[in-house]
Amino acid sequence: MSIAGGIAKAAEKVVQMGANTMQVFSRNPRGSGYKNYSEQEIARFQEIRRENRFGPLLAHAPYTMNLASGKESVYEFACMAIREDIARMDALSIENIVFHPGSHTGIGTRAGIENIIAGLDQGMDGEEGIMVLLETMSGKGTEIGASFQELKAIRDGVKYPGRIGICLDTCHVFSAGYDIVKDLDGVLEEFDRILGLGLLRAVHLNDSQTPFGSRKDRHARIGKGTIGLDALLGVIKHPALQGLPFYLETPLEDEGHKQEILELREKLGNKNSAGA
Ligand code: FE
Ligand code: FE
Ligand code: ZN
């Protein structure tokens, strides 16, 4: 959901879409800037959330943020952005903020993970209400976080692991080699064994344009990719994932997302938290 028109406007659009939660970028996703909202706008945003009984909201950190980087300027920006955005999103009472762990770009996975841990430690004091979620990644290039073990290593290393959760992206895990089409039970069992299903706070519901295990990150519309509608419905309906918020990140605008949510709700006949 774009917040270019402000956060209250975004919440209004969510209601018009028939959704009851949303993912917003914590700042310009491809840059570094952000807007401060007026008190009036924030009050309106909170009112819309309350009146429409929104499920947990999710903020997404910018794509330009790489906490694993060994390059000083890149790393310093990432540390500043995660620290500021955790505080800014917490101040809005947003329940979760998700970020891409990062790409080590040559310094190696271990060193990249150390950087991520140090970055999180300087950005958190353990007192925040917001949960910080690590996103499961596809493993393109030198991306960290394509395996449950790497996500566990990050969480285990930080000072406040109790404030760290996981956001599962269906497109990314499928690309990373977790077969949610043929063996969803097995993937969730593995997740539970390594991380614990209790850490799962949010699901990014996306189809994929690329084959299983391709380690590419190309989202497709629901039912228009290599995962397919049945497998994605299986994810939403899985007993281990009940009560979680699902967020669409499919390549569509608001009208398309509205349609997609409508179709999914028809097929499911339920009231899961769904947003875009
Ligand atoms: Fe993401
Ligand atoms: Fe995602
Ligand atoms: Zn993606």
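1. E135 is buried, with a relative accessibility of 1%; buried here stands for under 20% relative accessible area, exposed for over 50% and partly exposed for what lies in between, with a 1.4 Å probe and protein chains only. The model is predicted: local features need pLDDT of at least 70 and side-chain atom pairs pLDDT 80 or more, while totals for chains, interfaces and linings use all residues. Residues are numbered from 1 along each chain as its sequence is written, chains are lettered from A and ligands numbered from 1 in the order in which they are written, and side-chain values use heavy atoms, without hydrogens and water.

2. E135 coordinates both iron ions, ligand 1 and ligand 2, which are 3.2 Å apart. Donors are N, O and S atoms within 2.8 Å of the metal (3.2 Å for Na, K and Ca), and sites may look incomplete because water is not among the atoms.

3. The iron ion (ligand 1) has H60 (NE2), H100 (NE2) and E135 (OE) as its coordinating residues, at 2.1 to 2.3 Å. Along the chain these donors follow the spacing H-x39-H-x34-E. H60 in strand β2 (residues 58-60) and E135 in strand β5 (residues 131-135) are 75 residues apart, a pair that links distant parts of the chain. Helices (H or I, at least four residues) and strands (E, at least two) are DSSP runs numbered from the N terminus. H60 is buried, at a relative accessible area of 1%.

4. Around the iron ion (ligand 2), the coordinating residues are E135 (OE), D169 (OD), H204 (ND1) and E249 (OE), at 2.0 to 2.2 Å. The arrangement is irregular because the four donor atoms subtend angles of 85 to 174°. For comparison, four donors count as tetrahedral if all angles lie between 85 and 135 degrees; four count as square planar and six as octahedral if opposite donors are over 155 degrees apart and all others between 65 and 115; anything else is irregular. The sequence spacing of the donor residues is E-x33-D-x34-H-x44-E. D169 in strand β7 (residues 164-169) and H204 in strand β8 (residues 200-205) are 35 residues apart and link distant parts of the chain. D169 and H204 are both buried.

5. The largest nonpolar core has 80 residues, of which M22, L67, F99 and L120 touch the most other members. Helix α3 (residues 72-91) gives the most to this core, with eight residues. A nonpolar core is a set of buried Ala, Val, Leu, Ile, Met, Phe, Trp, Tyr and Cys residues joined through side-chain atoms within 4.5 Å. Leaving out residues up to four places away in sequence, F99 touches, among others, L67, L120 and E135, where contact means heavy atoms within 4.5 Å. Another core, of seven residues, lies apart from the largest one and includes L58, M131, C167 and Y247.

6. The count of salt bridges is twelve, each a side-chain nitrogen of Lys or Arg within 4 Å of a carboxyl oxygen of Asp or Glu. One of them joins K13 and D254 (3.3 Å, N to O). This pair links helix α1 (residues 7-16) with helix α9 (residues 254-268), 241 residues apart. K13 is partly exposed at 30% relative accessible area, and D254 is partly exposed at 28%.

7. Two salt bridges lie within helices. R44 and E47 meet at 2.5 Å, N to O, and lie three residues apart in helix α2 (residues 39-51), about one turn. K152 and D156 meet at 2.9 Å, N to O; about one helical turn separates them, because they are four residues apart in helix α5 (residues 148-157). Salt bridges with shared partners join K9, E12, R44 and E47 into one network.
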